[in-house]
Amino acid sequence: MVEPQLRPILDNIRHQVLHMRQVDLTFDRLAQSGTVDVHLLRRHVSTPDELVECLLEYELEKFSDIVTSINGNTNAIDAMLLVSKKIAERFSEIFPSVSPQLKLLYPHAWQRQFEKRLGFISESIRRNLSSGINQGMYRSDLSTELIARLYLARIIDIHNPELFPPETFSFEVLFAQAFESLIRSIATPEGLAYFIERRKHYSI
């Protein structure tokens, strides 16, 4: 868990990174910005790799907050729609446009956090699938394990800049498309009709 006193510094650094032509998270570069308290930052992280892990861990915590904030009494499709709406509202906080550069510059830190994110998404999808099947919203013949893995494969693919160059494809649009494709592939006729009707009330 990211320490509370570190969070405003990370928010500041994320803002700086989004405006860098070339990502550079060395302490000297951050000090040049004049807005990052590098002395305080060094109390929490000692290398740029540790800083990247903290930045990505903080993103995962924000993503987790969105998922766990959904009322447990909400049906599976409404839960998915609510999560997607909140993700769309806070997209830049959760999925940075600089992710390909971070992966290239800090591969080990990026990969560790990416695997944690995939694990969290996988578990969340499994829970939603089980709820949707019990509620009659999703087909009863589904393998929750298989569907979760297929969805994760899509998430991995849309992170691949060779398949989807970020200058050509918006990650936000790709994520929304992956979500809608998932619902359409697993919903019962009643669930799909409900999804189409309810989608009108959400901006996704």
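Tutor: Let's begin with a term: helices are DSSP runs of H or I with at least four residues, strands are runs of E with at least two, and both are numbered from the N terminus. This is a predicted model, in which local features need pLDDT of at least 70 and side-chain atom pairs count only at pLDDT 80 or more, while totals for chains, interfaces and linings use all residues. Residues are numbered from 1 along each chain as its sequence is written, and side-chain values use heavy atoms, leaving out hydrogens and water.

Now for our close look: glutamate 180 and its partners. We need the salt bridge, meaning a side-chain nitrogen of Lys or Arg within 4 Å of a carboxyl oxygen of Asp or Glu. The whole structure holds 14 of them. In one, glutamate 180 pairs with arginine 184, and their closest N and O atoms are 3.0 Å apart. Both sit in helix H10 (residues 171-186), and because they are four residues apart, about one helical turn separates them. In general, an α-helix has 3.6 residues a turn, so residues three or four places apart point the same way. Arginine 184 is partly exposed, at 39% relative accessible area (buried is under 20%, exposed over 50%, and partly exposed in between, using a 1.4 Å probe and protein chains only).

Glutamate 180 also meets the side chain of arginine 199 in a salt bridge, 2.5 Å from N to O. This pair links distant parts of the chain, since glutamate 180 is in H10 while arginine 199 is in helix H11 (residues 189-199), 19 residues apart. Arginine 199 counts as partly exposed too, at 28% relative accessibility.

Staying in this part of the sequence, glutamate 197 forms a salt bridge with lysine 200, with 3.2 Å between the closest N and O atoms. Glutamate 197 is partly exposed at 41%, whereas lysine 200 is exposed at 63%. Elsewhere, salt bridges that share partners join Arg14, Glu59 and Arg117 into one network.
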